[in-house]
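Biologist: I would like to learn how to read a structure like this one. Can you take me through it step by step?

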Amino acid sequence: QVQLAESGGGLVQAGGSLRLSCAASGSTFRFNTMYWYRQAPGKQRELVAFINPAGSTNYADSVKGRFTISRDNAKNTLYLQMNSLKPEDTAVYYCKTITGLEVWGQGTLVTVTS
């Protein structure tokens, strides 16, 4: 059905910024709530943020004030702007949607050095 592909990860120093993108294929992107998750080394996958079709957002306490989730429905793309990055933000970041089944991207690695 829907396919998701993350990009934009990389190696940054603490205090730096990155913008992640998630490109979605399919015809229902604009109607779906989209999620960003991350999984740090040796830890469980955790919810970072989500955005509904109308643009309402929610964030994990750990990223509030630093990360911004957004979407461009015309481009079928989800974004995560990450500012003031900390070493504890190091993780593989995944986008997700739910279309009956959970659909995940392949992940993009963010490494924040101290």
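This is a predicted model: local features need pLDDT of at least 70, side-chain atom pairs count only at pLDDT 80 or more; totals for chains, interfaces and linings use all residues.

Modeller: Start with a term. Buried means under 20% relative accessible area, exposed means over 50%, and partly exposed lies in between, with a 1.4 Å probe and protein chains only. Another term is the strand: helices (H or I, at least four residues) and strands (E, at least two) are DSSP runs, numbered from the N terminus. Now look at strand 11. Its side chains alternate.

Biologist: How many helices and strands does the chain have?

Modeller: The chain has zero helices and 11 strands. Buried residues make up 43% of its 114 residues. The C-alpha trace spans about 40 × 25 × 20 Å along its principal axes.

Biologist: Which strands pair with strand 11?

Modeller: First the general idea. Strands of a sheet pair through backbone hydrogen bonds, either parallel or antiparallel. Two strands pair here if DSSP finds at least two bridges between them. Strand 2 (residues 10–13) joins strand 11 through four bridges, and the two run parallel. Gly10 has Val110 as its bridge partner in strand 11. Strand 9 joins strand 11 through three bridges, and that pair runs antiparallel. There, Tyr93 has Thr108 as its bridge partner.

Biologist: In what order do the four strands of the open sheet stand?

Modeller: The order is 1-3-8-7, with antiparallel pairing. Strand 1 (4–7) and strand 7 (67–72) stand at the edges. Each has a single partner strand, so one side of each is left without a neighbour in the sheet. The twist averages 15 degrees from one strand to the next; axes are lines fitted to C-alpha atoms, for helices over the stretch in contact, and angles run from 0 to 180 degrees between N-to-C directions.

Biologist: How many bridges join strand 3 to strand 8?

Modeller: Six bridges join strand 3 (residues 18–24) to strand 8, and the two run antiparallel. Cys22 stands opposite Leu78 in strand 8.

Biologist: Is Thr77 buried or exposed?

Modeller: Thr77 has 10% relative accessibility, so it counts as buried. Thr77 lies in strand 8 (residues 77–82). Contact means heavy atoms within 4.5 Å. Not counting residues up to four places away in sequence, Thr77 touches several residues, including Ser21, Cys22 and Phe29.

Biologist: Which residues have the most contacts inside the largest nonpolar core?

Modeller: A nonpolar core is a set of buried Ala, Val, Leu, Ile, Met, Phe, Trp, Tyr and Cys residues joined through side-chain atoms within 4.5 Å. The largest one has 29 residues, and Trp36, Leu80, Met82 and Tyr93 have the most contacts inside it. Strand 3 gives the most to this core, with four residues. Take Leu80: not counting residues up to four places away in sequence, the residues that Leu80 touches include Leu18, Trp36, Val48 and Tyr93.

Methods. Residues are numbered from 1 along each chain as its sequence is written. Side-chain values use heavy atoms; hydrogens and water are left out.
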